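Me: I would like to learn how to read charge pairing in a protein model. Can you take me through a case?

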Amino acid sequence: MSGGVQATARILARDDGRGGTSLPVLEGDGPLALRRTRGSGAEARVMLVGAMSGPLGGDHFTVEAEAAEGARLHVGSAAATIALPGQTKTGARYDVRLTVADGAELRWLPEQLISANGSELYVSTRVDVGAYGRLVLREEQVLGRAAEEPGRLTSRLVLRVGGRTVLDQELACGPGAPGGWDGPAVLAGHRAVGQLVVVRPEFAAEPMAARVLGDGAVVMPLAGPAVLVSAVAPDALRLRRLLDEALTSLG
């Protein structure tokens, strides 16, 4: 990744002992800026604000967020992230590392990631949730801007609950990706793909049933107290609607 920008943002949320959530660590460098915004109740809200375009080819961005016991943290982003080609021939990398302790809650709800033509990006998201932690995680990926062919996008999502891996999936799309990525068994010509992961302790005793949600979305229970919703759609707007409807249906 030589020649690119390396940047890291870190968030630590703790129970403040007064019915709220404090943020003793809230730091970002380079293009990754963090801003605390108005929360509700015990929840602390943080907005990830991109200070420049990217990631570009050769860049390596990392975001780390931890919700300690008793904390409630909501993380969003101010705008979509656009992967763009850079001056180097190497791809870009974006790592997300999330930790949720027992008795804590994290809502990870960034805006879409857009893979622009000519870009190459590898996204790695790893999440560790305590057996009694709570998580809502949304990922949305859009292949190309309007009337544009996509870049190369590879994303991997790994979820561990109570020290046990319950999900490990990878999807590669765009030029150079394994054959069939745009075929009927994968995206079927759609240009927006997303997933919603929900972890709640009560799912362990009352697992959600697998089912189809409308046109393009399915609910799949995972081992332990977790549910995965996968969706494909023709565009970002329809994808967001599908995922919002799915989250509402989970109660």
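Me: How many salt bridges does the structure hold?

Reply: Side chains of opposite charge can pair when their charged atoms come close. This is a predicted model, and the structure holds 14 salt bridges.

Me: What is the fold that carries them, in helices and strands?

Reply: The protein chain has one helix and 18 strands. Its radius of gyration is 18 Å, close to the 18 Å from the globule rule for 251 residues, so the chain is as compact as a globular protein of that length. The C-alpha trace spans about 50 × 40 × 30 Å along its principal axes.

Me: What share of the contacts with a separation of 6 or more joins residues 24 or more positions apart?

Reply: That share is 71%. As for burial, 48% of the 251 residues are buried.

Me: Now a single pair. Which residue forms a salt bridge with Arg-240?

Reply: Glu-140 does, with the closest N and O atoms 2.8 Å apart. Arg-240 lies in helix α1 (residues 236-249) and Glu-140 in strand β12 (residues 134-143), so the pair ties together parts 100 residues apart in sequence.

Me: Is Glu-140 buried or exposed?

Reply: Buried means under 20% relative accessible area. Glu-140 has 4% relative accessibility, so it counts as buried. Arg-240, at 17%, also counts as buried.

Me: Which residues are linked with Glu-140 and Arg-240 in a network of salt bridges?

Reply: Glu-111 and Arg-138 are linked with them in that network.

Me: Where does the pair of Asp-128 and Arg-160 lie in the chain?

Reply: First the bridge itself: the closest N and O atoms of Asp-128 and Arg-160 are 3.0 Å apart. Asp-128 is in strand β11 (residues 120-129) and Arg-160 in strand β13 (residues 152-161), 32 residues apart. Asp-128 is partly exposed, at 34% relative accessible area. Arg-160 is partly exposed too, at 30%.

Me: Which residue meets Asp-168 in a salt bridge?

Reply: Arg-156 does, at 2.7 Å from N to O. Asp-168 is in strand β14 (residues 164-173) and Arg-156 in strand β13, so this bridge ties together parts 12 residues apart in sequence. Asp-168 is partly exposed at 43% relative accessibility, and Arg-156 is partly exposed at 24%.

Me: Last, the charges overall. How many Å apart are the mean positions of the positive and negative charges?

Reply: They are 2 Å apart, for 26 positive and 28 negative charges.

Conventions
Residues numbered from 1 in each chain as written. Predicted model: local features only at pLDDT ≥ 70, side-chain atom pairs only at ≥ 80, totals over all residues. Heavy atoms only, no water. Helix = DSSP H or I, 4+ residues; strand = E, 2+ residues; numbered from the N terminus. Rg over C-alpha atoms; globule rule 2.2 N^0.38 Å. Buried < 20%, exposed > 50% of the residue type's maximum accessible area, 1.4 Å probe, protein only. Contact = heavy atoms within 4.5 Å. Lys, Arg positive; Asp, Glu negative; His and termini not counted. Charge placed at Lys NZ, Arg CZ, Asp CG, Glu CD. Salt bridge = Lys/Arg side-chain N within 4 Å of Asp/Glu carboxyl O.
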